[in-house]
Amino acid sequence: MNAAKLSRTEFVVLRDLVYEKCGIFFADNKRYFLESKLMPRLQAHSLSSYGEYYRLITTSLNGKGEFEKLLGLITTHETSFFREMPQFQILKSELFPKCIAQKQAGIQRLRIWSAACSSGEEPHTIAMLIDEHIILSQPSWQIEIVGTDLSETILARAKMGHYTQYALRNTPPAYRSKYFTFINGTYHIKQRIRHRVKFSQLNLFDPVKMQLMRGFDFIFCRNALIYFDLNSKTKVVESLYKSLIPGGYLFLGTTESLFGIQNEFKIAQFSGSVLYQKPL
Ligand SMILES: C[S@@+](CC[C@H](N)C(=O)[O-])C[C@H]1O[C@@H](n2cnc3c(N)ncnc32)[C@H](O)[C@@H]1O
C-alpha cells in the first residue's frame, strides 16, 4: 500500500479539530509535520486516508482514546525534576518565607497548581521543597499540590512516581538520597511526597473544569504555552489569572513570556527569573 498523503482539506479539518479541543495550532507550513506524525496511527488502524482517520476520531466509540494518542504524538512531555532551578530557588528562598509571614495572621492554607505537569516531576519537585521548607515549621498548614495535564497516559506515569536517572539529572544529591528509593534501576519517589500531589486530567481549554480551579497561591504553567497561538495563549493566561488569589504568582518557562499577550499581571523581577503576579 502506498503511504497516504494528507490533503489540504484533510489537514484543515484535523488541524481545526485539534485547535478547537486543546488550543494547539498548526500553521499551514506544518502539513508535512502532521502527516508524518499521524502516519503510524493510520497504519495501526489499517486506514488508507487521513479522512478515514478523522472519522475514526470524531465518530467511533474509541475516538476519545485515539484523540489522546494523536495528542501524545504532537506534543512533547519533556520535563525533569528541578527543571529551571532558579525558579525553585526563588520559591524556597523568597516566596515561601513571604508566604509564611503573610499567613501567620490569616488562613494557613497553601495551594499550588502545576498546570501542564507531564509525568509529574514538576509537582513532585514542589512537594519536596514544601517538605523541606514548610512542613516542619508549619505543621498545621493545609497544603494542596495539584498536578494536571491534558494526557491521561502521561498522568498514569506521574501517579506511579517511578523515574529514570535521566529525569533526576538536575536533582541535587541531598534530595536524591532523601526523597527517592533506588529499586531495580529505577528511582521511586517516597510515599510521603507522592501522596502530597493530587493528579487529574485537565485541558487548559476546558471552560467548565477551568472554572473550578480557584484560590491558588502559585501556578506553574511552564513550557506549555509554546503550543498555542496568540488567541489561545490569551485565553489560557486569562483563566490562570482568575485561578490565582490576589498576590499569587504565575511561573512560566524561562523561554516563555507574556510579551504581546493582553493580561493584567504585574511583572515581578527576581534575580535569575521573571514571574507574573496578580495584583493585591
Ligand atoms: C513540555 S511539557 C512541560 C512539563 C513541565 N511543565 C515542565 O516545564 O517541565 C508540556 C505539557 O503540556 C501538556 N499540554 C499541552 N497542551 C495542553 C492543554 N491544552 N491542556 C493541558 N496540558 C497541555 C502536554 O501534554 C505536556 O505534558
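How far apart are the mean positions of the positive and negative charges of the protein chain? The mean positions of the 35 positive and 24 negative charges are 4 Å apart. Lys and Arg count as positive and Asp and Glu as negative, while His and the chain ends are not counted; each charge is placed at NZ of Lys, CZ of Arg, CG of Asp or CD of Glu.

The model is predicted, and local features need pLDDT of at least 70, side-chain atom pairs count only at pLDDT 80 or more, and totals for chains, interfaces and linings use all residues. Residues are numbered from 1 along each chain as its sequence is written, and side-chain values use heavy atoms, with hydrogens and water left out.

The protein chain contains 11 helices and 10 strands (DSSP runs numbered from the N terminus: H or I of at least four residues for helices, E of at least two for strands). Along the principal axes, its C-alpha atoms fill a box of roughly 65 × 50 × 35 Å. Of the 280 residues, 50% are buried (under 20% relative accessible area, with a 1.4 Å probe and protein chains only). Among contacts (heavy atoms within 4.5 Å) with a separation of 6 or more, 74% join residues 24 or more positions apart.

E122 lies in helix α6, which spans residues 121-135. With a relative accessible area of 6%, E122 is buried. Leaving aside residues up to four places away in sequence, E122 touches S114, F220 and R222.
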